[in-house]
Amino acid sequence: MEITHEVGSEYNHGQRCDVFDDSEARLNKYTFICALLASSTSILLGYDIGVMSGAALYIKENLKITSIQEEVLVGTLNVFSLVGSLLSGRTSDYIGRRYTIVLAAATFLIGALLMGLAPSFPFLMAGRIIAGIGVGYSLMIAPLYTAELSPSMSRGFLTSLPEVCITFGILLGYILNYALSSLPQHINWRLMLGLAAIPAIAIGLGVMAMPESPRWLAMQGRVNQAKEVLIKTSNTLEEAESRLEKITKAASVLVTNPAGSLDSAHESHWSGKGVWKELLLRPSRPIKRMLIAAIGINFFMQASGNDAVIYYSPEVFKAAGIHSKKQLFGINVIMGLSKTSFVLFSAFYLDRFGRRPLLLVGSAGMAISLAGLGLGSKFLDQSESKPVWAIVLCILAVCADVSFFSIGLGPITWVYSSEIFPMRLRAQGSSLAISVNRLVSGVVSMTFLTISKKITFGGMFFVLAGIMVIGTVFFYAFLPETKGKSLEEIGALFENKARKMDNRGGEMEVV
């Protein structure tokens, strides 16, 4: 099988490395701390998702806004996170991964302060726009940095930490909703939103103690500094040298400079120039497959309606007959605990079971849960008595939906998006995929209530269940397993799908 120069040279010509090194299997404490610090930027998005589900109820009453304005308010952060996602790839190629994380935290800090101090709806919208840009930066850079820092045998666990932090942030938002709900209406929602400034400051300061990505350093020709980082993030010197050899080989792949001649990444001090053209205008066949996989998983992550279900769950349960805000926020806390439990399960077992099994189980489970939620909501919508069994079914179905999301799509989307692109395309390829994520999230968040009024909540959940059935089929067909492979080896999985002889048994296999 012929392997194209663009990908093959960067992935050791498609050769597989099946040698298992026990040293790589042990989790390096320094790597874990760095990955946790980087991933903590995702707490900011999770907190906003969780706290906004409750704050929106008080904002609507206090500022006298309409349901459409509520949708715009909620969805604005997701839509403008698209801007941050698009900018983050080139920014991180230019200034580095670490300073991009600092930029993300600083931008969200400004937005959080504006939201907390907002005297009016336009002022509040301005804060959410700025915070959204910061969220877009953080969603791309946290898993990317972690993937580039992590050894292959623990990359799944470490790169799923952003989703763990998102889930923790959601739970924190739910708890603060519950705790602050008894305060005066004009104060509680401002505190709910403004308190996000505290973790933003802590994250910005903590990230300054982290090292730069060794792969970005190698792309800049700073191999000695990359080696120093790898020694700290590896369990043995031999492991560090082996990783350095693979990284420097991938970093030396030829790229075209503006004059049209060829320079190595070492000589050109890589800043990401020309990547968008390679991704969108003249991608090779393997790159097309990577784009389909990365954009597809990000599309279905948000088309599943998970963010909208969390944002608007109080509205859903109000329609089901639960009107006490304390009870609504109590149900949210139960949802948050359920999400947290299952995302931790996925994080700990992702490198043991692999990406595909957990993703397929999670997606199929979401389809069934959403169908159950649609059934319960449809019955409640058509019944005046609001039977308890239907309300319980809706609560259990929502908890099941967010739990299956946390097993599969939640963590694995970030893992997959950050690991499948070759080094020179990784930042901007991930940026493009996550931009689709944020665009779909914004569209769903800004239309969920409007569409639900047209077809009822039950009808909306049946639509989302159908989308997840399609998503499950897509994942089965287009996403290969990446467990245990180094970032430099994954490209071989996306080479031309042709049957070739297995050297060990003479059997034909599809690669």
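Visitor: How many nonpolar, polar and charged residues are in the lining of the largest cavity?
Guide: First, a word of caution: this is a predicted model. Now the general idea. Rolling a probe the size of a water molecule over the atoms shows where empty space is left. Here the lining of the largest cavity has eight nonpolar residues, two polar ones and three charged ones.

Visitor: How many cavities of 30 Å³ or more does the count come to?
Guide: One. The space in the largest cavity is about 80 Å³.

Visitor: Which residues lie nearest the centre of the largest cavity?
Guide: Ile 49, Ile 166, Met 301, Gln 302 and Asp 307. They belong to a lining of 13 residues.

Visitor: Which helices each supply at least two residues of that lining?
Guide: There are these to look at: helix 4 (42-62), helix 9 (161-180), helix 17 (285-303) and helix 18 (306-319).

Visitor: Helix 17 also holds Phe 300. Is Phe 300 buried or exposed?
Guide: Read the relative accessibility. Buried means under 20%. Phe 300 has 9%, so Phe 300 counts as buried. Now look along the chain. Phe 300 and Met 468 are 168 residues apart in sequence, yet their C-alpha atoms are separated by 7.3 Å.

Visitor: What is the relative accessible area of Val 343?
Guide: Val 343 has 0% and is buried. Find Val 343 in helix 19 (residues 325-353).

Visitor: What about Lys 318: which helix is Lys 318 found in?
Guide: Lys 318 is in helix 18. Its relative accessible area is 31%, so Lys 318 is partly exposed. Lys 318 and Leu 328 are 10 residues apart in sequence. From C-alpha to C-alpha, the pair is 7.9 Å apart in space.

Visitor: Where does Met 208 lie?
Guide: Met 208 is in the loop between helix 11 (197-207) and helix 12 (214-219). With a relative accessible area of 40%, Met 208 is partly exposed.

Visitor: Now charges. How many salt bridges does a search of the whole structure find?
Guide: Nine. Start with Glu 148 and Arg 97, which meet at 3.0 Å, N to O. Glu 148 is in helix 7 (residues 121-149) and Arg 97 is in helix 6, so this pair ties together parts 51 residues apart in sequence. Both Glu 148 and Arg 97 are buried.

Visitor: What is the N to O distance in the salt bridge of Glu 148 and Arg 426?
Guide: That distance is 3.3 Å. The pair links distant parts of the chain, 278 residues apart: Glu 148 in helix 7 and Arg 426 in helix 23 (residues 423-478). Arg 426 is buried, as is Glu 148.

Visitor: Which residues are linked in a network of salt bridges?
Guide: Asp 93, Arg 97, Glu 148 and Arg 426.

Visitor: Which residue does Glu 419 form a salt bridge with?
Guide: Arg 155, with the closest N and O atoms 2.8 Å apart. Glu 419 in helix 22 (residues 409-419) and Arg 155 in helix 8 (residues 155-159) are 264 residues apart, so to speak two distant parts of the chain linked by the pair. Glu 419 and Arg 155 are buried.

Visitor: Last, the backbone. What is phi of Lys 64 near?
Guide: Most residues other than glycine have a negative phi. Phi of Lys 64 is near 55 degrees, a positive value. Lys 64 lies in the loop between helix 4 and helix 5. At 67% relative accessibility, Lys 64 counts as exposed.

Visitor: Where is Thr 456 found?
Guide: In helix 23. Phi of Thr 456 is also positive, near 75 degrees.

Key: Residues are numbered from 1 along each chain as its sequence is written. This is a predicted model: local features need pLDDT of at least 70, side-chain atom pairs count only at pLDDT 80 or more; totals for chains, interfaces and linings use all residues. Side-chain values use heavy atoms; hydrogens and water are left out. On a 1 Å grid over the protein atoms alone, a cavity is a set of points where a 1.4 Å probe fits but cannot get out, and a pocket is an open set with protein on both sides within 12 Å along at least five of seven lines; lining residues have an atom within 4 Å of a point. Grid points are joined across faces, edges and corners, and a volume is the space filled by probe spheres set on the points. Helices (H or I, at least four residues) and strands (E, at least two) are DSSP runs, numbered from the N terminus. Ala, Val, Leu, Ile, Met, Phe, Trp, Tyr, Cys and Pro count as nonpolar, Asp, Glu, Lys and Arg as charged, and the others, Gly among them, as polar. Buried means under 20% relative accessible area, exposed over 50%, partly exposed in between (1.4 Å probe, protein chains only). A salt bridge is a side-chain nitrogen of Lys or Arg within 4 Å of a carboxyl oxygen of Asp or Glu.
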